[in-house]
Amino acid sequence: MRHRAGLVLALAITVTAAACGGDRVVVAAGTTVVDGGLLDAVVERYEAATGTPVAVTGAATREVLALGERGGADFLVTHAPAQEAEFLVRHPEAVSSRVFASRFLLVGPPERAAGLVGLDPPGAFATIAERGWTFVTRADGSGTHDKELEIWALAGIEPAGSWLLSTGQGMGLSLQVADQRSGFILVEEGTFLVAQPTVSLVPVEWADDGALTANPYTAIAPSGDGAAADLLAWMTGPEGVAAITAANVAAYGRLVYVP
Amino acid sequence: MEFLWDVIRDAVAALGDFGPELREVLWLTIVVSGLATVIGVVTGVPVGLGLGLGRFRGRKVALTIVNAGMGIPPVLAGLVLLVVLWDDGPLGGLDALFTPGAMVAAQALLAFPIAAGVTAAAVANLGFDAREHIAALGLSRTGTAAVSAREVWPGIVGATAAAFGRVVSEVGAVLIVGGNIRGETRVLTTAIVEEARQARFGAAVGLGVLLLVLALVVSTVLTATQLRRADG
């Protein structure tokens, strides 16, 4: 009996160790590229091409970077330039590269969105604040939240008040809250396109020269070598670009996350 | 190890500066889970008494459903309510989604089968003597149920404690139908998820400790009630 118990234990340990995977690359990425399914589609191709298992988890950029710092993730995809720069200064061994870019949209209830046509982003935000229209903020240290704060700062407004709903959650859930509470939300385009059939919010046709609303994503391999560096090289190489393009076309019929 | 100490230090600091926002979160947690437990118990205990005492067709099926309901995943309860309360859903007109009311409803759905199931088990376990004794009183069905409920009072208190413990600790349902909106629908469990997601582990652990203390206080009060009745 004793022997059998030992055998079972040994087996359990082996299975657990195998499940934890020696060569598995753990990818932590902003919820904007995970909630919409883009990153899963891209890494699936990498897995098929190389046989290296990849696991993708979504989180706000602040947590993604913290995971990279603590060794909880091997490969990071983030979209908050200021936080990324700080991370790279602290970790000179890390390698990084821009991988693709989408853009931010302001979406809201149709009647009210019509009232913001032609305004620039800070102007639109200022109008929302003045009128006390509901605005849903991620408030979670994500790249999207950083962008919200940047636009509020340009508008010269410190957002506060009962019209501001703060979810502290990912892009998908926050968008649902905005929809059901008839509020505005700054949303990353790909996530919005996936959710669009189920929500009644529409994009504000604001005066957008593309500079302020650009949403560049950076991939970081904190260790600077090994499987994570291989993935980074693949993603920025011709095969990766082809995979990103194909994933875009399959999901949206056009390029939303432009490599 | 240093990481762990950092987390513990931050947790103590987070609890130390117990601000108005944390008070609000704690208060909403007590109100939402408390109300849900009350609703679950008030509706579930009579159903449990009926299932435990009654002899009717379909009793076995009903008991099976209630027992299965005790294990319903909170995210599923939340999902069902999300679909029902969605703007275009059957009860969309209530505008209840992402409000505390929806959170109470979701948790009451979870509390009900626990209250009913534990009560049914308690009365079903009444000894033959006790049953004979109650039957000899020659009461109406409602009267019999009331006397039986008195007999199994510790079991009903236990059902209440189990229901509260279940709902106060769940996160799936309240996150889906509540949305974790600051100052409106944020409770301890959803706040923990948020803090952990943002790598503020100390604050998350602090909230976790608070949740444990809350569960412990409620359990202490209920256990005292249980013992008093059982001893007296």
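**Figure 1. Overview of the predicted model and its confidence scores.** The prediction as a whole carries an ipTM of 0.76 and a pTM of 0.82. For chain B the mean pLDDT is 92, with 98% of the residues reaching 70 or more. Where pLDDT is low, the predicted coordinates should not be read in detail.

**Figure 2. Fold of chain A.** The secondary structure of chain A consists of 12 helices and 9 strands. Its C-alpha trace spans about 75 × 45 × 40 Å along the principal axes. Of the 259 residues in chain A, 50% count as buried.

**Figure 3. Interface between chain B and chain A.** In this view, 22 residues of chain B are in contact with 23 residues of chain A. About 1900 Å² is buried between chain B and chain A, and carbon and sulfur atoms give 48% of that area. Trp86(B), Arg197(B) and Gln198(B) together supply 31% of the area that chain B buries against chain A, more than any other three residues.

**Figure 4. Polar and charged pairs across the interface, with the elements of chain B that take part.** The count between chain B and chain A is 1 salt bridge. The side chains of Glu184(B) and Arg181(A) meet in a salt bridge, with an N to O distance of 2.8 Å. Polar contact is found for 7 residue pairs across the interface of chain B and chain A, both residues of each pair being at pLDDT 80 or more. On the side of chain B that touches chain A, the elements giving two or more residues are helix H4 (74-85) and helix H10 (188-197) of chain B. H10(B) provides the largest share of that side, 4 residues. By class, the side of chain B that touches chain A has 11 nonpolar, 4 polar and 7 charged residues.

**Figure 5. Packing of helix H7 in chain B.** Helix H7 of chain B covers residues 141-151, and its buried residues are Gly143(B), Ala145(B), Ser148(B) and Ala149(B). These buried residues of H7(B) pack against four helices of chain B, namely helix H2 (20-53), helix H5 (100-124), helix H6 (128-136) and helix H8 (153-169).

**Figure 6. Surroundings of Ser148(B).** Ser148(B) is placed in helix H7 of chain B. The relative accessible area of Ser148(B) is 1%, under the 20% limit, and the residue therefore counts as buried. Its side chain reaches the backbone oxygen of Thr144(B) at 2.7 Å. Residues up to four places away in sequence aside, Ser148(B) touches Leu53(B), Val123(B), Leu126(B) and Ile134(B).

**Figure 7. Gly115(A) in a loop of chain A.** Gly115(A) has its place in the loop between helix H6 (110-114) and helix H7 (121-131) of chain A. Because its relative accessible area is 40%, between the limits of 20% and 50%, Gly115(A) is classed as partly exposed. Gly115(A) and Glu205(A) are 90 residues apart in sequence, and their C-alpha atoms are 9.7 Å apart in space.

Conventions
Residues are numbered from 1 along each chain as its sequence is written. Chains are lettered from A and ligands numbered from 1 in the order in which they are written. Side-chain values use heavy atoms; hydrogens and water are left out. pLDDT is the predictor's confidence in each residue, from 0 to 100. Contact means heavy atoms within 4.5 Å. Buried area is the accessible area (1.4 Å probe) that two parts lose on being put together, summed over both. A salt bridge is a side-chain nitrogen of Lys or Arg within 4 Å of a carboxyl oxygen of Asp or Glu. A polar contact is a pair of N or O atoms within 3.5 Å; within protein, one must be able to donate a hydrogen and the other to accept it, and residues adjacent in sequence count only if both atoms are side-chain atoms. Ala, Val, Leu, Ile, Met, Phe, Trp, Tyr, Cys and Pro count as nonpolar, Asp, Glu, Lys and Arg as charged, and the others, Gly among them, as polar. Buried means under 20% relative accessible area, exposed over 50%, partly exposed in between (1.4 Å probe, protein chains only).
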